[in-house]
Amino acid sequence: MTDDAVVEVGDHPTAISAEHDPAVVLSLVVPTYDEAGNIEPLLRSLHGVLTDSQVGFEILVVDDDSPDRTWEVAGNLAAELSGIRVIRRIGASGLATAVTCGWAHARGEILGVIDGDGQHPPAVVADLLDAMADRTDVAVASRHVPGGGVSNWSALRRLLSRGAQALGLLLLPGTVGRVTDPMSGYFLVRRDVITGTDLDPVGYKILLEVLARGDVRRVAERPYVFLERERGESKVSAGHYVGYLRHLMRLRLHPLRSRALVRYLVVTALALLADALAFLWIFDVQGWNLTRSAAIAGEVGILLTVLLHDLWTFAGRAARSSLDRFRRLAGVQLALGVLLFLRLLVINTLVNWFGLGPLAAFLVALAAVTPASHLLGSRLTWRGVRS
Ligand code: GDD
Ligand code: MN
C-alpha cells in the first residue's frame with residue numbers, strides 16, 4: 001500500500017468548497033466502520049460500474065479508524081484501482097459526519113454517498129448519474145418507489161424506519177415530504193447546492209441535512225432494493241433513533257428557518273391588513289359595490305404578499321433566472337387568485353343568503369380562506385424554502 005493511499009485526518013469539516021476539478025464529475029463517499037470483509041467486493045464492483053459509466057470519478061472511503069483495519073484493506077486496493085482515495089479519520093465517529101468529511105475533501109462536481117457494506121447495489125449509481133443529467137439537484141436511491149424495496153428486514157426494523165419517516169413528516173413536512181425515502185443513505189447531490197451552507201448532521205441521516213439546508217429545487221428518485229448484509233452487522237442502535245429526533249428538532253428550530261418563518265408570518269399579517277384597509281376604503285369611502293371592492297382588495301393583498309416574500313422573506317433565495325422569478329410570481333397569483341374567487345363566492349353567499357352585513361361577511365371570508373391560501377401559496381411557489 002502506498003503511504004499517500006491513506007490520508008489521516010482528525011478534522012471535522014462541515015463546509016463544502018465551491019471549487020471542483022473539471023476532470024472529476026463524481027466523488028462518491030463510502031463511509032465505513034468495521035467493513036474489512038465487505039469493502040473489497042464493494043469497491044471492485046463500484047469501480048467497474050463507474051469505469052463503464054465513462055465519467056471522471058473518485059471513490060473516497062472514509063473510515064473511522066476501524067478496529068478491523070478497513071482503511072488498510074481499502075488502501076491496498078487504492079494502489080491497484082485508480083480513483084480510490086482512503087481517509088482514515090482519527091478521533092471522530094459517525095456515518096453522517098464521515099460523509100461530510102469525505103465531501104469536504106472531494107474534488108467532483110457531483111458528490112454522493114453509498115454504504116460500504118454492499119447493501120446498496122453499486123449498479124444503481126449509474127441510474128443516479130443519469131438522473132443528475134437534466135439539472136437535477138439531488139438524485140436519491142429509494143426503497144419506496146416502484147421497483148424498490150428491502151430484502152428481508154425484520155418487521156421491527158421496517159416499523160422503526162417507517163415510524164422515523166412519519167415523525168420526520170410531522171416535524172419537517174417541507175423537507176422530509178420531498179422524497180419517498182428520506183432515510184436513504186444512497187444518493188447524489190450537486191456540489192453547488194450545498195456549498196452555501198454549513199452541514200452539521202447528526203447520526204445517520206445525511207440526506208435530511210442536505211434537503212433541509214441545501215438549496216435543493218429539483219429532486220429525482222430511482223428505485224433500489226436494499227440487500228442483505230453478507231458479513232458484519234448493522235451499526236444502527238437505539239441511540240441513532242434518539243440522534244435522529246435531535247436532528248429533526250435542530251432543523252425545525254434552525255435560526256434561518258425560524259427567521260424565514262417569522263418573516264413569513266409578518267408578511268401574511270401585513271397582507272391581510274392591507275387587504276382589509278383597501279376593502280374599507282373602496283367599499284366604504286369610494287362606495288363601489290361589494291364584489292368589486294373585495295376583488296380589488298384581495299388583489300392588493302396578493303401583490304403585497306408576492307412582493308414582500310420575494311424581496312424580504314426569501315430574499316436570500318436568488319431566482320435562478322427571471323423566468324424562474326416570473327414562474328414563481330405567476331404561481332402565487334394563480335393559486336391565490338383561485339382562492340380569491342372562492343372568497344368572493346363566500347362573501348356573496350353570506351350577504352345574500354344569510355343576511356350578514358358586507359363588512360362582517362368580508363372579514364369572515366377573509367379569515368376563512370386565508371390559511372388555505374397561504375398554505376397553497378407557499379407550497380406552489382417557494383418550494384424547498386422552509387415555511
Ligand atoms: N465512517 C463511519 N463511521 N462509517 C459508519 C459509521 C461510523 O460511525 N457507522 C456506520 N458506518 C458505515 C457502515 O460501515 C456502512 O458502510 C454504512 O455506514 C451503513 O451502516 P450500517 O450500520 O450498515 O447501516 P444500515 O445498513 O443499518 O442502514 C443503512 O441503510 C439505511 C437505508 O438506506 C444506512 O445507510 C442508513 O443511513 C440508511 O437509512
Ligand atoms: Mn448496512
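These legends go with a set of close-up views of a predicted model.

**View 1. The whole chain, before we zoom in.** Start with the overall tally: the protein's secondary structure comes to 13 helices and ten strands. Of its 387 residues, 48% are buried. Take the contacts between residues at least 6 apart in sequence, and 80% of them join residues at least 24 apart.

View 2. The average pLDDT for the protein is 86, and 90% of the residues score at least 70.

View 3. Which residues hold the manganese ion (ligand 2) from the protein side? The donors are D117, through OD, and Q119, through OE1. They lie 1.9 to 2.0 Å from the ion.

**View 4. Helix 1 against helix 4.** Here helix 1 (residues 39-52) packs on helix 4 (residues 124-131), with the axes 9 Å apart and an angle of about 35° between them. The crossing is right-handed. Helix 1 brings L46, V49 and L50 to the contact, while helix 4 brings V125, A126 and L129. Sort those residues by class and you get six nonpolar, no polar and no charged.

**View 5. Helix 1 again, now with helix 2.** The partner this time is helix 2 (residues 70-80), whose axis comes within 10 Å of that of helix 1 and crosses it at roughly 30°. This crossing is right-handed. On the helix 1 side, look for I39, E40, L43 and R44; on the helix 2 side, T70, V73, A74, L77 and E80. What classes of residue make up this contact? There are five nonpolar residues, one polar and three charged.

**View 6. Helix 8, mostly covered.** Helix 8 spans residues 206-213, and eight of its eight residues are buried. Reading along helix 8, the buried residues are I206, L207, L208, E209, V210, L211, A212 and R213. If you're clicking through side chains, note that E209 and R213 are on that buried list, and both count as charged.

Definitions and conventions. Residues are numbered from 1 along each chain as its sequence is written. Chains are lettered from A and ligands numbered from 1 in the order in which they are written. Side-chain values use heavy atoms; hydrogens and water are left out. Donors are N, O and S atoms within 2.8 Å of the metal (3.2 Å for Na, K and Ca); water is not among the atoms, so sites may look incomplete. pLDDT is the predictor's confidence in each residue, from 0 to 100. Axes are lines fitted to C-alpha atoms, for helices over the stretch in contact, and angles run from 0 to 180 degrees between N-to-C directions. Helices (H or I, at least four residues) and strands (E, at least two) are DSSP runs, numbered from the N terminus. A crossing is left-handed if the near helix is turned anticlockwise from the far one by less than a right angle, and right-handed if clockwise. Contact means heavy atoms within 4.5 Å. Buried means under 20% relative accessible area, exposed over 50%, partly exposed in between (1.4 Å probe, protein chains only).
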